[in-house]
Amino acid sequence: MPFVEEPDDDESTVDDENAVDDGIAVDERAFLDSLPRRLQIVDARSPLTRDGLPDRTECGKDPELGAAAQRVWDAEKSSARALAGRYRALAELFDCEREDDEDEEDVTTARAAIALRVTHGVARWELRSAHRAAHHLPRTFSLLEGGRFPSWWFQRMVRESEDLSEESRRQLDLAVATWSTDIPVDRFITLLGALVGLLARREEELEEAPPLPREITIAPDTTRGAGSLVARGPIPEILAYWKRLDESARAIQAAQRKALRDDTEIPYDVDDLVTSTGRPLPLDRLRYELQLNATFDTGDVPIPGPRFRLNVTVPALTLLGASDAPGMLDGTTPIPPEMARLLAGGQETWFRVLTDPCSGAFLPLPADRYQPSQTMLEHLRLRNATCAVPGCTRPASWAAECDHLEEFDHEHPERGGRTELENLHMLCWQHHQDKTAGLLDPARIPTATREPGRTRWRLGRTGDHAIVADDVDLATRIAVEELEAAWRTHLARRTQRTAQGATQAGTEKTATKDADPATTPASLPAPPPEPPPEPPWSLRPESPPGPCDPEDPPPP
């Protein structure tokens, strides 16, 4: 009888604890078993293959149409692999910077923004999404790299799992990796939402609920020329505030009705609207005025005056009604021309801003002191409406500080770092700190006085570079185009009148020649037509804006 060695009890126990079923550990299997059955077993009724795609899409009778559908199938697989490669590269960039220096995260965002050609906010989202994809969703990410998981499905997973913890994302990845990718997309969306909701509820049972937000933010508005403020907070506080605001508005409206009825002085008559219309202000308008003109109780904390005036840049032709070019609010927000004219007409003081008529570059003004003057700060804000760092969208009006590109030498000012416009720019406080720490190094590129300036930026300590141009007044170029069109029209009409005059003179000369010389007075020959005059100014630059950078590649 052969001898059979039986395993030791302790070794058997260890093996059972580390047992895996199709790459799934025991604790992971326990999690899958805890899910509802509809989230455990997700299979398709029939497989979806490339060869069977023409029949599934009802184009089997048309070979060309079926071949086109198969090419779309192949393109989607390529897109999935390309998305995985994009996430992999971004995740490596994110991980490398975090390992070297945690303070370089914002510089990493700047690098990614330049490479992806997006803003800093979008680049930050892409970096974090790539890190979560590569490290928190490894199973489905592996399927994506092999082209076996739809790219849109994976992007949906990344978005839906944004608010989950790292552990919940790994559990989500484990469950979804067992699902069939042959199911319809609407079923995938439904099951994904159910699974994410289940994991979020389980997190709430284990952790305390986060505090409710208390914030007021500015938000875009779909109405032309309008903006919005959004207040968020606990429902009792929001309702209590709304009740006080609504009651105040109703009290003022009742007082206005009484004043109209008794022919007495009208209270809170905004812009004399009640007097001119004979009707009280609507409640919506009263709530808006009360909110807009509310005073802030800051206690003993002094509130400094505004650092900058609110700039509304309006083209001269728009003010004259000869153009409908929009105005610009603080260099970032376009406003309709009629609103720009209304705002300009209600002001007693206008500030002239000089721009180059061809390029739209803001022409510099002289300055000769260490602390930038208010005029210099206003010019810098026109030149860079947002932080000067490539891709940063923080506005220069309230979130920026004036900085010297070349540091000012307090002990020996003659050695450099002068306080002049070409050596100054506006940086947000975060990028100002990065520049001070040596993570950002800007240098101005020499340009002509009338052309937009350019700055070369070194990002991080590895020597990556980016070149950005200063903001220009786009309305100037629109005005130049309109002036050019008017000049061409004038020349065409003048040439037409000259030609008509020459033709008429020739006709009269022929008639005089045929007439009796004794009865027809001698006529003088018609003067030759004058050539059309040249424009009194140069409408277009003879060379492209800005000289070529020495390190730029030569033109083809």
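Is Leu229 buried or exposed? Select Leu229 and see: Leu229 is exposed, at a relative accessible area of 64%. Exposed here means over 50% relative accessible area, buried means under 20%, and partly exposed lies in between, with a 1.4 Å probe and protein chains only.

Before going on, two notes on the model. This is a predicted model, in which local features need pLDDT of at least 70 and side-chain atom pairs count only at pLDDT 80 or more, while totals for chains, interfaces and linings use all residues. Residues are numbered from 1 along each chain as its sequence is written, and side-chain values use heavy atoms, with hydrogens and water left out.

**Stop 1: the surface around Leu229**

Leu229 sits in strand β4, residues 228-232. Strands are DSSP runs of E with at least two residues, helices are runs of H or I with at least four, and both are numbered from the N terminus. With Leu229 they make a nonpolar surface patch of about 380 Å². Patch residues have over 30% relative accessible area and no salt bridge; nonpolar side chains (Val, Leu, Ile, Met, Phe, Trp, Tyr) are joined within 5 Å, like charges within 9 Å. The areas come from the Shrake-Rupley method with a 1.4 Å probe, and for residues only the protein chains shown count as cover.

Stay on β4 and pick Arg232. Its side chain meets that of Glu215 in a salt bridge, 2.5 Å from N to O. This pair links distant parts of the chain: Glu215 is in strand β3 (residues 215-219), Arg232 is in strand β4, and they are 17 residues apart. A salt bridge here is a side-chain nitrogen of Lys or Arg within 4 Å of a carboxyl oxygen of Asp or Glu. Glu215 is partly exposed at 34% relative accessibility. Arg232 is partly exposed too, at 43%.

**Stop 2**

Select Arg139 and Glu28. Their closest N and O atoms are 3.1 Å apart, in a salt bridge. Arg139 is in helix α8 (residues 138-145) and Glu28 in helix α2 (residues 26-33), 111 residues apart. Arg139 is partly exposed, with a relative accessible area of 29%. Glu28 counts as partly exposed at 25%.

Move to helix α9. Glu160 and Arg156 form a salt bridge there, at 3.3 Å from N to O. Because they are four residues apart in α9, about one helical turn separates them. Glu160 is partly exposed at 31% relative accessibility.

Then select Asp246, Arg250, Asp284 and Arg287. These four are linked in a network of salt bridges.

**Stop 3: the second largest pocket**

Select Leu48, Trp73, Pro150, Thr181 and Asp182. Of the 20 residues that line the second largest pocket, these are the closest to its centre. The pocket has a volume of about 480 Å³. Which element gives the most to the lining? Helix α5 does, with four residues. The elements that give two or more are α5 (63-100) and α9 (151-160). The lining divides into 12 nonpolar, three polar and five charged residues.

On a 1 Å grid over the protein atoms alone, a pocket is an open set of points with protein on both sides within 12 Å along at least five of seven lines, and a lining residue has an atom within 4 Å of a point. The volume is the space filled by probe spheres set on the points. Asp, Glu, Lys and Arg count as charged; Ala, Val, Leu, Ile, Met, Phe, Trp, Tyr, Cys and Pro count as nonpolar; the others, Gly among them, count as polar.

**Stop 4: pairs apart in sequence**

Leu93 is in helix α5. Its C-alpha is 9.4 Å from that of His131, 38 residues apart along the chain. Leu93 is partly exposed, at 25%.

Next, pick Glu162, in the loop between α9 and α10 (166-177). Glu162 is partly exposed at 37%.

**Stop 5: positive phi**

Most residues other than glycine have a negative phi. Select Tyr268, in the loop between α12 (235-262) and α13 (273-277). Its phi is near 50°, a positive value. Asp272 lies in the loop between α12 and α13, and has a positive phi of about 55°.

**Last stop: helix α17**

Select residues 374-383. Helix α17 is mostly covered, with eight of its 10 residues buried. Among them are Met376, Leu377, Glu378 and His379.

Definitions and conventions. 1 Å grid on protein atoms, 1.4 Å probe; cavity = no way out; pocket = protein on both sides within 12 Å on 5 of 7 lines; lining within 4 Å.
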